[in-house]
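I opened a notebook for this structure. These entries record what I looked up.

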Amino acid sequence: MTLLSVEDLHTHFISRDLDNQIRVARALNGVSFTLEAGRILGLVGETGAGKSLTATSLMGLLRPPARVVGGRALFEGQDLLAMPEAQVNALRGRDISLVVQSPKSSLDPLTRIGDQLIRIHRAHRKVSEAAARDRAVEMLASLGIPDPARRMAAWPYELSGGMAQRVLIALALMNAPRLLIADEPTTGLDVTVQAQILDLLRDLVRRTGIGAMIITHDLGVVAHYCDEMAVMYAGAIVESGPVREVFGQPSHPYTANLIGATPERLRLGGPRTVGGPPPNLFRLPEGCAYRDRCPQAGPDCAQTPPDVALGAGHIARCHRVAA
Amino acid sequence: MTPILQVENLQKHFPAQGGRTVHAVNGVSFSINPGETLGVVGESGSGKSTIGRAVIRLLKPTAGRIRFQGRDITTLPESACRPLRAEMQMVFQDPWSALNPRIRIGELIAEPLLLHTKLSRSERRDRAEQLARRVRLTTELLTRYPSELSGGQLQRVCIARAIATQPKLIVLDEPTSSLDLSVRAGILELLAELKAETGVAMMFISHDLGTVKLISDRIMVLYLGGVVEYAPAAKVFADPAHPYSQALISAHLPADPEAVLRRHVLEGEIPSPIALPPGCHFASRCPVAVPDCRATAPELRAVHGDTAHQAACLRIAEGANRIPEVADG
């Protein structure tokens, strides 16, 4: 069974304007992807594309005015979005874990890290304090934290950025989840530390066979640590597939432009890159959301583009892509 | 050819709690030639930004010598620095906080002209329009406020301000780090054009190795406030000599799944700049360190007789500077 299958997920921000008119920001517009156990999926896109919102939507962590207005998120066949709250609560932190951005602000500053690890374990499992402590020490050790027994007593402020990120990953793994979602796990860390953290994540997936989704804006991370990738633009996945396929033959014009903008492919003095602020989610154009920037756009782009299968699981949502 | 900027043995210390001292920059020497872009790379705490600010005298150096166009500006009083800044400009990382939110874009771009030239109001306005067009901003933005522009547009405003007085040197401190990939590409393209057109020298400070490789002529690699390697950009990436450069460059992830990674893993954490270890500052994490490394601080030396390529490592002379590779998972 597919570990995670997200089907046509729609999330809107629904609020009232000053003149009491209802305003709808269409932040997610039909996000669909699948993630198999033992694989790493990279969800990439620029600011405002809806990467983090995809994670919070499917984990049921949205707060008003954001609301899921359509779609399904099947975790091992069960729809997370249709489940009663109590059942989702039992899954979250146990079978599905989220490693959020900014490690320093995501740890409880007034609790020693050992107690935080023990607390999350005992919230989901009937184990003794001593057993939970043993597991916590073991977990810190497996993440390469030196002198783990002593580190259990450390306060969050005493940790460097890399250490804090490891502790957050330890928290996410305490209950041996089957799905791990990591939102920008290495943003803000130095490159040598980034490599250590990503190595850890990859070893974990290879060793335990869990599925992982890495949300990132860094195509280098995707290129070297992910098996599959999904490219987001304006709340929809415009292209997805095996990493080598997508990099080798980027087919959606947005993906081609994005990959062409990486320092490795950029030719200074060559043709100029198309770039700009994220599109206005209150006034997305009909049809393809990228058509007002797309150099290849034509009249047919006002119609909703089809998902074109390019073989080997490589899919692009564009009128211009020939199958 | 006289270099635009010559820095000798620059040191900058900051006071820390309890009467201690943060050794942010410890004896850095380098030069930038006209039209040259020097990339400065290193991880957090390596002193990159401190050096950038010291060379244009936003910070007063603790020791050392800074020459700008041959003139010693190390101890120039603040009043004498001001006119100098028409010729040396800076672009900061965060364009949202670098611009006064209550001044319109047109006036922001014209501001350096007001400070440094005798142009009339209408001449300044014309010149601001030219500058806006040069950095590819539509002139209708000139009447807007910074909050109405995107990050990429604001960074273009900062660049327009920096080139307004036709400086000889621009220090760019992480100018693209807070921008999205496609926006970043546009800024890099603009910088390359400006360099080709005006021959302005640049000091490009960044932790993003891919960007630095693309835009720099030479690269200076820093570790704990000291230069560990100083070489032409291609050389640093193809054949890094210092063990730290090797580890740093191997940790860089090019956005290309076909690129083969040569992985080196560093143990331990960067020492505190308050209590610097004696000898080579990298010795505590260096896989090829010998007792000598902890005793004497190595100097920058030509690598195998190549004076363009310099590195500060004792073990290069004996050919023992290669750190072991780890198989890529």
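I settled one term before starting. By an axis I mean a line fitted to C-alpha atoms, taken for helices over the stretch in contact, and by an angle I mean one running from 0 to 180 degrees between N-to-C directions. I also kept in mind that this is a predicted model.

**Entry: two helices in chain A**

Angles under 35 degrees count as roughly parallel. The crossing is right-handed.

Next I wanted the residues. Which ones meet between helix 4 and helix 7 of chain A? From helix 4 of chain A I wrote down Ile113(A), Gln116(A), Leu117(A) and Ile120(A). They meet Val167(A), Ala170(A) and Leu171(A) in helix 7 of chain A. By class, this contact has 6 nonpolar residues, 1 polar and no charged.

I checked the backbone next. Most residues other than glycine have a negative phi, and most peptide bonds are trans. I found an exception of each kind. Pro64(A) and Pro65(A) are joined by a cis peptide bond, with omega about 5°. I placed Pro65(A) in the loop between helix 1 (51-58) and strand 4 (66-75) of chain A. Glu76(A) is not a glycine, yet its phi is positive, about 50°. Glu76(A) sits in the loop between strand 4 and strand 5 (78-79) of chain A.

**Entry: where the chains touch**

I moved on to the two chains together. On the chain A side 36 residues are in contact, and on the chain B side 33. Which elements of chain A give two or more residues to this side? I listed helix 8 (191-208), helix 9 (219-225), helix 10 (243-248) and helix 11 (253-260) of chain A. Helix 8 of chain A supplies the largest share, 8 residues. I sorted the chain A side by class: 15 residues are nonpolar, 13 polar and 8 charged.

**Entry: domains of chain B**

I turned to chain B. The domain assignment gives domain 1 (5-87 + 167-316) and domain 2 (100-166). Their C-alpha centres lie 30 Å apart. The contact between them takes 12 residues from domain 1 of chain B and 12 from domain 2 of chain B. On the domain 1 side, helix 7 (residues 181-198) of chain B gives the most, with 6 residues. That side divides into 9 nonpolar residues, 3 polar and no charged.

**Entry: two helices in chain B**

I followed helix 7 of chain B to helix 6 (residues 151-163) of chain B. They pack at about 15°, with axes 10 Å apart. That angle makes helix 6 of chain B roughly parallel to helix 7 of chain B. I recorded this crossing as right-handed. Among the contact residues of helix 6 of chain B are Arg156(B), Ile159(B) and Ile163(B). Helix 7 of chain B brings residues including Ile187(B), Leu190(B) and Leu194(B). By class the contact has 6 nonpolar, 4 polar and 1 charged residues.

**Entry: what the record says**

Last, I looked up UniProt. An unreviewed entry lists "domain: ABC transporter" at residues 4-259 of chain A. I read that span as 39% helix and 28% strand, its end C-alpha atoms 27 Å apart. For chain B, an unreviewed entry places the feature "domain: ABC transporter" at residues 5-249. That span is 39% helix and 26% strand, and its end C-alpha atoms lie 27 Å apart.

Notes: Residues are numbered from 1 along each chain as its sequence is written. Chains are lettered from A and ligands numbered from 1 in the order in which they are written. This is a predicted model: local features need pLDDT of at least 70, side-chain atom pairs count only at pLDDT 80 or more; totals for chains, interfaces and linings use all residues. Two residues are in contact if their C-beta atoms, placed from the backbone, lie within 7 Å. Helices (H or I, at least four residues) and strands (E, at least two) are DSSP runs, numbered from the N terminus. Ala, Val, Leu, Ile, Met, Phe, Trp, Tyr, Cys and Pro count as nonpolar, Asp, Glu, Lys and Arg as charged, and the others, Gly among them, as polar. Domain bounds come from an automatic or database domain assignment. Angles under 35 degrees count as roughly parallel, over 145 as roughly antiparallel, 65 to 115 as roughly perpendicular and the rest as oblique. A crossing is left-handed if the near helix is turned anticlockwise from the far one by less than a right angle, and right-handed if clockwise. UniProt positions are given in the numbering used here, feature names are shortened, and annotations may be inferred rather than shown by experiment.
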